[in-house]
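Dear colleague,

Please find below the structure for your files. My notes on it follow directly after.

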Amino acid sequence: MTNWDERFRSGEYPNDPEPAPLLEQYVDALPPGRALDVAAGTGRNAVFLAEEGYEVEAIDQSREGLRITRERARERDVADRLDCLQVDIPSHEFPKDRYDLITVSFYRTVDRLPDIIDALAEDGVLFYEHHLRSTDQYEAGPSGDQYRFGANELLHACLDLTVLAFDAKTESRDDGRTAMRTQIVARNSSGQAQSYPAVGLDS
């Protein structure tokens with residue numbers, strides 16, 4: 001099992017990572033209010049959302065990752081809007097109908113995804129990104145397929161929501177490594193006729 005405390009402490013994982021680009025593109029069109037960042041790590045999305053005015057709960061199993069998240073929040077003067085909680089995510093009790101926005105980046109939690117979706121308030125939005133299984137060559141992400149999503153697995157898990165954006169693709173990272181990545185933005189709403197945010201996506 002990966003020792004994330006040691007990885008965060010050693011600097012193997014970035015201590016000041018940029019937020020997810022698709023989340024940045026959508027944030028102005030998302031409902032304001034309370035946000036939950038699941039498997040927050042060093043606060044990649046949590047600190048960004050606090051800067052955007054959200055009241056954020058950041059949960060993670062890593063004490064060191066949360067320490068770095070708190071430190072980054074203090075540096076950016078948003079510590080009063082960010083609550084860091086060390087929890088065991090597989091057994092965590094997610095409150096129902098609580099969050100206007102939930103983000104998950106690079107943490108496979110399909111078995112808990114129904115509970116995470118139930119934690120969305122009406123019209124709340126889920127943003128999720130993770131690594132994909134692939135027959136193509138890649139360097140980034142977990143080596144075992146059990147830690148990656150299968151084709152359309154994330155999409156199928158979110159079909160009770162209104163899917164606003166979805167993709168699955170090969171991407172080249174800044175460090176030159178190739179990654180297989182899928183991501184989704186989906187709203188807790190229903191009905192054949194709905195509103196859709198006007199958000200320009202990169203090709």
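How much of the chain over residues 36-107 is helix and how much is strand, and how far apart are the end C-alpha atoms? Over this stretch the chain is 26% helix and 29% strand, with the end C-alpha atoms 14 Å apart (helices, H or I of at least four residues, and strands, E of at least two, are DSSP runs numbered from the N terminus). An unreviewed UniProt entry lists residues 36-107 as "domain: Methyltransferase"; such annotations may be inferred rather than shown by experiment.

This is a predicted model, in which local features need pLDDT of at least 70 and side-chain atom pairs count only at pLDDT 80 or more, while totals for chains, interfaces and linings use all residues. Residues are numbered from 1 along each chain as its sequence is written, and side-chain values use heavy atoms, with hydrogens and water left out.

The sheet is open and mixed, with 7 strands in the order 3-2-1-4-5-7-6. Its edge strands, strand 3 (82-86) and strand 6, each pair on one side only (pairing requires at least two DSSP bridges between two strands). Strand 4 (residues 99-105) runs parallel to strand 5 (residues 120-131), joined by 6 bridges; Ser-105 stands opposite Glu-129 in strand 5.

Glu-171 lies in strand 6 (residues 162-172). The side chains of Glu-171 and Arg-181 are joined by a polar contact of 3.1 Å (a pair of N or O atoms within 3.5 Å; within protein, one must be able to donate a hydrogen and the other to accept it, and residues adjacent in sequence count only if both atoms are side-chain atoms).

Yours sincerely
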